[in-house]
Amino acid sequence: MTRYLVARANLLVFGVLVVILALVGIVTWERLNASRDAREWSQHSYRVLAMTKDLAIALRDAERGQRGYLLTGREEYLRPYDAARDRIVVVQGELQKLTADNPAQQQRLRALAPLVLHKLEELAQTVQARRDSGLEAALRIVNTDAGRKDMREAEVVLATILADEQRLLDDRLAQNDARAMWVRWLVIGGSAIAVLTLLWAARLLNQAWSRSYRSEEQQRDLALRLRTTLDSLSQGVAVFGPDRKLKNWNECFQVLLDLPKAMLRPGTAYSAFVEHTAEPGCPALETEDQLRHGSRNPGEAVTYERDRADGHHLEIRRTPMPDGGFVLTISDMTKRAQAEGVLREAQKMQAIGQLTGGIAHDFNNLLQVILGNLEFVRAKLDGDAKLQQRVERAAWAAQRGATLTGQLLAFARKQPLAPAAIDLAATMPDLIPLLRRTLGEHIEVRYVETAGLWPAMADAAQLESAVLNLALNARDAMPGGGRLTIELGNTVLDQEYARHHAEVVPGDYAMVAVSDTGHGMTPEVVARVFEPFFTTKPDGKGTGLGLAMVFGFVKQSDGHVKIYSEPGEGTTVKLYLPRAVGAAAAALRSSAPVELPRGSATVLVVEDEAAVREIACAILSDLGYRVLEAADGEEALRVFGANTASVDLLLTDVVLPGKVRGRELAERIRALRPEVRVVFMSGYTENSIVHHGRLDDGVHLVGKPFKREQLARKVAEVLGPGATEAPEGGKVVALRPRRDS
């Protein structure tokens, strides 16, 4: 459509609208005037009706006042009468004026006037007679019924006036409604014509400009999509023109480069971004010279990485554009770098776990045989001090081997844990005297705690061992003496902290911090301090597994460990253990001397290693128990079948040869006799009774190699107090004697 046709269409539409609006306006004005006149006549009829009703009410009030005076003779009853009499005169005059345009109503008012006058005279006569001659004289006038007749005739006339005026009012209201309806339809009709005209004009214009509108809309939609796409990217994107000045960017570009908003405007030079993001000795972006000469192939994208001072790892990609400009894409690879570190750590844990688990079972069985037999030999050599010393050294070496295996399992997070709610405020103070005795007088031990400590969810024995390991490391870092501080507190690790530590789950943690004033460590040493067999001590002074065990225990407990150290300033190791919610804190373990429990119950010992089975049976027999033994699961079921009623406890290895494993054997026996107690023994187990590094609920385990008193206490604990008896004679072993510091 040409511009001439569009102009004609606009003129036509404008002319039609003006004519329609003029016609509608003229007719509406006339109708509104008529409606206003009708409204005024309606109001006139309302006034006539009101005055007529007021006249009737005044007549009744005058009669009511007269009757009250006749009956009582009291002057105050004449007040309504006097007021009504005066109002009747005024209302009659008003009605004469209001009905001046209505001859019929004027005629009725003239007929009403003598009736009202006669009624008022009759009322006045009775009042005067009552005042002069008394009630009897007044009643004689009333009984003539002349006043009653006048009142009835007056009421008939008033009713006729009201009816006629109401009819006039109804007619006027109907006329007013008809005029209003006519105006309404006129407005609606005019509006409809105007709308149709506008629609027709809009159709003409739409045909002329529809193509340009569609094109503009497509451009806007495309721009919006591109902007939304850029802003939704987790990468920072910026477009620079051939003159190396900023054209477009997204929000992530500002966030990743930590740019001020004032710098982000079209036309900002690329060199300004290079200067702003540069760090001492390490520019974050390519320089102008690198842009000109850094790429052999001008059309090839350039990718490089940068590490920011705040720890963020950025990958920057510069992609050339056909017009000579380029697109700068920035990706935050911090999470990926952290994930790769966690993956490497997991792979290392898996390799160490496979290696340790492969040898732990058989190695611990061998150590069990060695330790068990050494304990029996030591009991027979009471008179030979030299042989006793050699046996003690051999036992120490065997126990040391068991400790090394346990530390490797702890670091690989393969040790079986029995986590429970621990009241740190009640448990840790009992450890302080032991630390003071162990560390020596040249080291001051301080203990600090805060009020309202949260209970921690962890294995109490492993936590105690971890704190002791940290204390021993601190002692070695302070050869000339110093101060060791044990601090307890509550800590909330938030999302921001977890963002910088990929393995941390945000939440509430109970913190145990061990600080020393030793020589400290360099950042390079701190980075490797938790690696197994890594140590800064001289040869023969340490295995390098102490901190590795602490690290594995905390991680297996779903906690977090953080180390802070500076050369010459000391070291602080913080253990963050998950807060125990909804669980009662564990009771304190007594460290007083404990007598070795004995018993008379029947124990079925199942162990495939003959030497281990022999030593376990010998220990239990020596403690007074009746012992049955079996080499595998099938044999154990046969032995149990022959002694079903007498077996009180099953002591079985977890890993058994044949089809029936230790867990399955326990389930079969408990199915036959649910009251039979079960204790598992194992040097290493992964999936049968331990899942995700934690003992299954209700499972009792004694780890190999175990000492005589460990087995005795575990069996007595599971059997309960009714199945054990106090020892007689000298069969008493003091467990972990406690000496006051």
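Strand 4 (residues 313-320) and strand 5 run antiparallel and are joined by seven bridges, where strands, like helices, are DSSP runs numbered from the N terminus (strands E, at least two residues; helices H or I, at least four), and two strands count as paired if DSSP finds at least two bridges between them. The model is a predicted one, in which local features need pLDDT of at least 70 and side-chain atom pairs count only at pLDDT 80 or more, while totals for chains, interfaces and linings use all residues. Residues are numbered from 1 along each chain as its sequence is written, and side-chain values use heavy atoms, with hydrogens and water left out.

The hairpin of strand 4 and strand 5 has five residues between the strands, and G324 there takes a positive phi near 100°. P320 stands opposite F326 in strand 5, and F240 also stands opposite F326; strand 1 and strand 5 pair in the antiparallel sense over five bridges.

Taken together, five strands form an open sheet in the order 2-1-5-4-3, with antiparallel pairing. Its edge strands are strand 2 and strand 3 (302-307), each of which pairs on one side only.

Strand 5 is mostly covered, since five of its seven residues are buried, buried meaning under 20% relative accessible area with a 1.4 Å probe and protein chains only. Helix 7 (residues 270-277) has Y270, F273, V274 and T277 as its buried residues. Seen down the axis of helix 7, these buried residues fall within an arc of 100°, so they line one face of the helix; the arc is that of the directions from the helix axis to the C-beta atoms. What covers them includes strand 1 (236-240), strand 2 (246-249), helix 6 (251-257), helix 8 (288-293) and strand 5 (326-332).

Elsewhere in the chain numbering, helix 2 (residues 78-98) and helix 3 (residues 103-132) pack at an angle of about 165° with their axes 11 Å apart, the axes being lines fitted to C-alpha atoms over the stretch in contact and the angles running from 0 to 180 degrees between N-to-C directions. The two helices, helix 2 and helix 3, are therefore roughly antiparallel to each other, a term for angles over 145 degrees. Residues of helix 2 that include L78, Y81 and R85 meet residues of helix 3 that include Q106, L109 and R110, contact meaning heavy atoms within 4.5 Å.

Notes:
Buried means under 20% relative accessible area, exposed over 50%, partly exposed in between (1.4 Å probe, protein chains only). Angles under 35 degrees count as roughly parallel, over 145 as roughly antiparallel, 65 to 115 as roughly perpendicular and the rest as oblique.
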